[in-house]
Amino acid sequence: MDLEREFERVVAADHRVEPRDWMPDGYRATLVRQIAQHAHSEIIGMQPEGNWISRAPSLRRKAILLAKVQDEAGHGLYLYAAAETLGADRAELTERLVEGRQKYSSIFNYPTPTYADVGVIGWLVDGAAICNQVPLCRTSYGPYARAMIRVCKEESFHQRQGYELLMTMMSGTRQQRAMVQDAVDRWWWPSLMMFGPPDAESSNTEQSMLWRIKRHTNDELRQRFVDMSVPQAEKLGVTLPDPDLVWNAERGHHDFGEIDWSEFWRVVKGDGPCNQQRVAHRRRAHEDGAWVRDAAAEYARKKERAA
Amino acid sequence: MDNAYDGLTDAGEERHWAFGTGFTAALAGVDRAIPDVDRAALAAYCLMLGDDALVYSQRLAEWCSRAPELEEDVALANIALDLLGQARLLLTRAGEVEAAGRDEDTLAYLRDEREFRNVRLTEIDCGPGPGGDFGTTIARLLVLSTWRLALLGQLTASADPVLAAVAAKGVKELAYHRDHAAQWVLRLAGGTDVSRARMIAGLERVWPFTDELFTTHPVEAALPGVAVDPATLRAEFDQVIDTVFGAADLDRPEVRQVAPLAGQAGRDGVHTEAMGFLLAEMQHIARSTPGAVW
């Protein structure tokens, strides 16, 4: 049997590739990279909002926020587990992250100076993540697709909670409304950048589409996100910081302004407001915990020997 | 575009949201009648148990994104969430019994340090700050979960139906917390030389605050049948600790107990120096945005 043709048949028929199936090396490597970066994003993504757990302004908000950040740790776990089905090693992937050799979503390199950021991250950042991730529930690699179903359900819940926080704040004091608008101003453009560079400049898109790892282009998903967000912003009563944002009846979509890709590339390459801090935080937690992991491993070995 | 998004939507929901927020209240259906006892004492007692849970939850949540393993980030956050849930029910009950219009947030965010009634062991820094490490955190988790599980076990028979219901919910949670702590004590004590030394150091850090846990307060003495007398918890506590220490080949720390101040300690609002910083951080947004709604 020709393994490669069988693989292509499975992918073309929209069936799932499973861990023990034959797959091209490039497919495996692309998936490991994408899933690992996704897992790292969940783990680094715990920090900007985790920043507010100790100061959440009501006990209900504290519970919601803590549960959300906990979910992100859980998402990281499912995703590292999916990467391990491809032969990757979680410890090795973590090393790549803390040594800065593997990337995570650049959005988490922005700071969260006010509590409105918690709401706007839920609304816009999780909203953008959902647009990116829902199609991954049908991605060609089975374990990744199944992990994404659960991740997307939880992300959608987070988005709703974020939006509900913003609605509540908009019904509050003038100071609170100004906080929300300020946070929207800061997060809108970075959220649009979450979909990655324009299709014309996206190096990985074509092959990933062919392998059905990716199912829509960056620009298609970005457009979907803009169209989804505009009515939500209106309902909320905030202004999106783009004077060129306008409904285009002919296209049936919103036109929007030029994204500052030079900022995107600066942040990707390490010069964002929090790049150093985020990786250092992760590295410190990892290093401080080494003695605990060593103890657990040693204890398990002793138990095994005794058995 | 494919319609995978539709699969996330519940019937009758707006299309861009997946789930409703219609959680059932934790104590739905529980009788909220207030027993015929000294109301001020009952409100104070609810605050004691609520503040223990709130302040300890605040400390545990500091680990979130800093734990030695992702599994432990999840587990410690889970324990912190359980305690926060208990705190909310207890503070709400305190406000209800007091009947002065204070809700859970007024009580959590607008009381001063001297009005907090938690035992001091809940408030000290046991890591990830400079006051401890994961070993110290596990030592405190073992002590506090063993103690609180014994307490809530008795409280299930309280004449206050709300306290009894909170306790019935809480014992299931605390049984898991205690088990989690005990398993880590075994691993750390039986792992490497380093982890064993850190486990012992952690126990020595928290042990001086244990006597306070078993000291009967006048509020507790004033509520027979409603409150649990903590002096009666010692036997169960000792038995559990002896079992865990026996399995882990650990001795009880030989350290002296931290004395009260003029006979007063956490239950009387007399706290360690750590408490002011903890509250400053927890309360500052709520206090600096008067009139705000969250």
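1. Beyond its neighbours within four places in sequence, Tyr45(B) is in contact (heavy atoms within 4.5 Å) with Leu151(B), Leu155(B), Leu163(B), Val219(B), Glu220(B), Leu223(B), Val226(B), Ala227(B) and Val228(B).

2. This is a predicted model, in which local features need pLDDT of at least 70 and side-chain atom pairs count only at pLDDT 80 or more, while totals for chains, interfaces and linings use all residues. Residues are numbered from 1 along each chain as its sequence is written, chains are lettered from A in the order in which they are written, and side-chain values use heavy atoms, without hydrogens and water.

3. Tyr45(B) and Trp123(A) have the most contacts inside the largest nonpolar core, which has 186 residues. Such a core is a set of buried Ala, Val, Leu, Ile, Met, Phe, Trp, Tyr and Cys residues joined through side-chain atoms within 4.5 Å; buried means under 20% relative accessible area (1.4 Å probe, protein chains only). Helix α1 (residues 39-61) of chain B gives the most to this core, with 15 residues.

4. In chain A, helix α4 (residues 59-84) packs against helix α5 (residues 90-98) at an angle of about 115°, and their axes are 9 Å apart. Axes are lines fitted to C-alpha atoms over the stretch in contact, and angles run from 0 to 180 degrees between N-to-C directions. Leu77(A), Tyr80(A), Ala83(A) and Glu84(A) of α4(A) meet Arg90(A), Leu93(A) and Leu97(A) of α5(A).

5. Thr210(B) lies in the loop between α6 (193-206) and α7 (218-221) of chain B, and is buried, with a relative accessible area of 1%. The side chain of Thr210(B) reaches the backbone oxygen of Trp207(B) at 2.6 Å.

Conventions
Helices (H or I, at least four residues) and strands (E, at least two) are DSSP runs, numbered from the N terminus. Buried means under 20% relative accessible area, exposed over 50%, partly exposed in between (1.4 Å probe, protein chains only). A polar contact is a pair of N or O atoms within 3.5 Å; within protein, one must be able to donate a hydrogen and the other to accept it, and residues adjacent in sequence count only if both atoms are side-chain atoms.
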